[in-house]
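Let's take a friendly walk through some charged side chains. Have a look at the structure first, and then we can start with a question.

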Amino acid sequence: QVHLVESGGGLVQPGGSLRLSCVASGFTFSRYAMSWYRQAPGKERELVARITAAGGSTNSADSKGRFTISRDNAKNTVYLQMNSLKPEDTAVYYCNADSGIVAGKRYNYWGRGTQVTVSS
């Protein structure tokens, strides 16, 4: 059974930092691209950052220069280091695992999310 469990969210003041973690189980973590998405109230879910199985990463325009995604395949964990947080970063942050197309099939999994609130 696949599990993606996020942690590390919370309340932080503007300009502060948080580190999110997502521990994966039930699939071959090292073969999957891992991403962080977020969804603010009344808004659609949006991609924040993505890291491929090979370790290459991309960021959204909004998170570039402030957020860093990384992975530890030995621990089946993906991280999101968030610095210089702004009130508009307030959202539920979700972990996503994507296999890409393998033998004609694609496997995509979601965690339940962790709340990040940036407020003074």
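Does arginine 38 count as buried or exposed? Arginine 38 counts as buried, because its relative accessibility is 6%; here buried means under 20% relative accessible area, exposed means over 50%, and partly exposed lies in between (1.4 Å probe, protein chains only).

This is a predicted model, where local features need pLDDT of at least 70, side-chain atom pairs count only at pLDDT 80 or more, and totals for chains, interfaces and linings use all residues. Residues are numbered from 1 along each chain as its sequence is written, and side-chain values use heavy atoms, with hydrogens and water left out.

**Salt bridges**
- The structure holds 6 salt bridges, each being a side-chain nitrogen of Lys or Arg within 4 Å of a carboxyl oxygen of Asp or Glu.
- A network of salt bridges links Arg38, Glu46, Asp62, Arg66 and Asp89.

**Arginine 38 and aspartate 62**
- The closest N and O atoms of arginine 38 and aspartate 62 are 2.6 Å apart in their salt bridge.
- Arginine 38 lies in strand β4 (residues 33–39) and aspartate 62 in the loop between β6 (57–59) and β7 (67–72), so their pairing ties together parts 24 residues apart in sequence. Strands (E, at least two residues) are DSSP runs, numbered from the N terminus.
- Aspartate 62 has 35% relative accessibility and so counts as partly exposed.

**Arginine 66 and its partners**
- Arginine 66 counts as buried, at 9% relative accessibility.
- Arginine 66 forms a salt bridge with aspartate 62 (3.5 Å, N to O).
- Arginine 66 also forms a salt bridge with aspartate 89, with the closest N and O atoms 2.7 Å apart.
- Aspartate 89 lies in the loop between β8 (77–82) and β9 (91–102) and arginine 66 in the loop between β6 and β7, so this pair ties together parts 23 residues apart in sequence.
- Both arginine 66 and aspartate 89 are buried.

Note on methods: Helix = DSSP H or I, 4+ residues; strand = E, 2+ residues; numbered from the N terminus.
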